[in-house]
Amino acid sequence: MKEMSRLQQKRLEYRPLLPSVLRSLATASLIKIPFTPPSAAESLKSLFPHTWGKPPVAFEASKHAKIVEPFRVGVVFSGGQAAGGHNVIAGLFDALKELHPESKLWGFIGGPSGIIDGKHKEIKKQDLEHYRNQGGFDLIGSGRTKIETPEQMKKALAVCESLKLHGLVIIGGDDSNTNAALLAEYFASEKNKTAVIGVPKTIDGDLRNDHIEMSFGFDTACKIYSELIGNIARDALSAKKYYHFIRLMGRSASHITLECALATRPNLVLISEEIAKEKKSLKKIVSDIADLIVQRSIEKKDYGVILIPEGLIEFIPEIKTLIKELNVNLKIDALTKESREVFEFLPKEIQEQLLIDRDPHGNVQVSLIETEKLLSILVAKELKARKESYKAKFSSITHFFGYEGRCGMPSNFDANYCYALGCTAALLIREEANGYTACIKNLRERIENWQPQGTPISLMFTFEKRQGKDKPVIKKYLVDLEDRPFQLFMKMRKNWQLEDHYLYPGPMQFFGDPSITDAIPSILVI
Ligand code: FBP
């Protein structure tokens with residue numbers, strides 16, 4: 001037996017709560033949901049001739065048990081880790097066994113490249129013994145390879161055929177679910193019977209639409225970051241000498257930052273989507289932060305907490321243009337006059353990050369840019385320039401919270417949600433629902449009322465220009481400035497600036513008062 005902490009052992013005993021319809025899988029029967037085809041229906045029909053036109057489906061308890069043969073299923077993690085992944089596999093495994101005890105499940109190793117290269121292992125009951133309700137993806141690992149090219153699809157097909165798979169479950173974000181739809185279409189065009197099923201995963205919370213209420217992992221990540229932010233706020237309030245600049249993960253959208261802001265009430269919170277809407281320049285952001293620091297100093301408060309979303313840099317108009325230009329040509333000499341000025345305004349270490357850190361396509365790796373350092377350096381400079389009006393000592397500490405939150409033990413919400421997603425994926429395989437994403441609706445309600453559904457992935461598509469071509473994609477859901485969570489934040493934030501209203505959420509709880517242990521993300525509740 002692997003050594004485990006006491007809490008790990010205790011969590012192994014947790015039995016995820018199930019929506020009532022998933023309590024007897026054999027009798028869960030499929031119902032079709034009427035739908036309105038999206039505006040791009042005609043183009044989608046021609047791109048997905050074999051999989052287009054199917055309706056969303058739901059499951060309801062019936063009196064009749066469906067008799068099935070044993071299932072053979074493959075499962076893969078795609079992309080960044082998110083808490084609860086192992087529970088998707090546990091739910092899938094248990095459901096397949098419940099549907100037929102001789103069913104088998106294989107895990108593809110190291111992400112989608114495991115499918116292409118045929119690297120897999122059978123997952124048995126004892127393999128899951130140490131992984132139920134635990135964080136991480138390490139049972140089978142994950143990766144960022146995409147199954148896109150005709151050669152990759154051909155290889156994936158050959159591997160699925162050799163394993164005689166009835167289903168292939170791809171646990172991933174918007175891009176992975178998009179690729180799942182392309183793979184589903186390819187399999188169908190080759191008359192292969194493997195049903196490709198997506199499962200919505202990403203801590204970023206940007207895989208949300210009319211069909212997907214929330215991606216898994218978001219809740220746990222936000223609870224972990226919020227604990228840390230609360231602890232830092234309390235330290236700031238106690239020591240009264242530091243400004244903490246905290247960057248929070250979330251490649252593009254600011255959902256994590258907004259959720260953590262509502263949970264902890266820092267003094268200042270930047271929301272990328274608002275900055276883009278207001279076309280705020282970097283200089284203006286810096287000067288606004290400096291204004292706040294000066295005002296707080298008058299109140300004898302030379303400390304504070306500032307939250308910065310990871311994606312911010314790409315939402316600042318002039319930096320976006322600079323990055324675009326650097327992606328085309330790495331040379332500073334090739335920059336336009338405006339971008340050159342912006343580049344020169346940046347601190348040396350950020351200039352270096354822009355020039356050195358490149359992804360495999362040669363693009364600037366925006367998520368590696370230390371925006372929290374960028375802002376703290378520029379704010380220090382700005383305050384120095386204001387020495388007539390600002391006499392205090394500005395001391396700052398920078399933090400980046402990212403990997404800390406992706407593999408924590410899943411919250412009760414994520415543990416239950418992921419297990420239900422795994423069971424739903426098994427039901428979709430039983431129904432041969434090729435090209436569907438497993439979804440759970442009514443997440444705001446009591447778990448027994450959660451509604452397992454399947455949505456054709458192509459129904460979530462819109463077209464976006466990618467590398468000059470129109471591509472079907474699942475649109476990333478950014479923070480909606482008109483929506484209630486942002487509106488509520490907007491109403492409260494003024495008070496947080498000068499008065500300190502910090503909240504200390506404390507560590508995530510697994511035992512005790514259900515209003516704490518079973519709390520769901522506030523952006524889902526509001
Ligand atoms: P996914 O979209 O694959 O879920 O990953 C999201 C994320 O955690 C982002 O928040 C972050 O910017 C990125 O992954 C980090 O990627 P990597 O794990 O490759 O460093």
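This is a predicted model: local features need pLDDT of at least 70, side-chain atom pairs count only at pLDDT 80 or more; totals for chains, interfaces and linings use all residues.
**Domain arrangement**

The protein chain is split into domain 1 (22-215 + 410-474) and domain 2 (218-310 + 370-405 + 481-525). Their C-alpha centres are 35 Å apart. To the contact, domain 1 contributes 18 residues and domain 2 contributes 21 residues.

**The interface**

About 1,700 Å² is buried between domain 1 and domain 2, with 57% of this area on carbon and sulfur atoms. On the side of domain 1, Ile203, Asp204 and Asn412 provide 34% of the area buried against domain 2, more than any other three residues. Between the two domains there are zero salt bridges, whereas six residue pairs are in polar contact. The side of domain 1 that touches domain 2 consists of six nonpolar, five polar and seven charged residues.

**The ligand site**

Because domain 1 and domain 2 both give residues to the shell around the ligand, the ligand lies between them. The ligand is surrounded by 14 residues, of which the closest are Gly80, Asp204, Glu310, Tyr403 and Arg406. By class, the shell comprises three nonpolar, five polar and six charged residues. Polar side-chain atoms of the following residues lie at the listed distances from an oxygen atom of the ligand.

| Residue | Distance to a ligand oxygen atom |
|---|---|
| Arginine 144 | 2.9 Å |
| Aspartate 204 | 2.6 Å |
| Glutamate 310 | 2.8 Å |

Taken alone, the ligand exposes 480 Å², and the protein buries 81% of that area.

How values were computed. Residues are numbered from 1 along each chain as its sequence is written. Side-chain values use heavy atoms; hydrogens and water are left out. Domain bounds come from an automatic or database domain assignment. Contact means heavy atoms within 4.5 Å. Buried area is the accessible area (1.4 Å probe) that two parts lose on being put together, summed over both. A salt bridge is a side-chain nitrogen of Lys or Arg within 4 Å of a carboxyl oxygen of Asp or Glu. A polar contact is a pair of N or O atoms within 3.5 Å; within protein, one must be able to donate a hydrogen and the other to accept it, and residues adjacent in sequence count only if both atoms are side-chain atoms. Ala, Val, Leu, Ile, Met, Phe, Trp, Tyr, Cys and Pro count as nonpolar, Asp, Glu, Lys and Arg as charged, and the others, Gly among them, as polar. A residue is near a molecule or strand if one of its heavy atoms lies within 4 Å of it. Accessible areas come from the Shrake-Rupley method with a 1.4 Å probe; for residues, only the protein chains shown count as cover.
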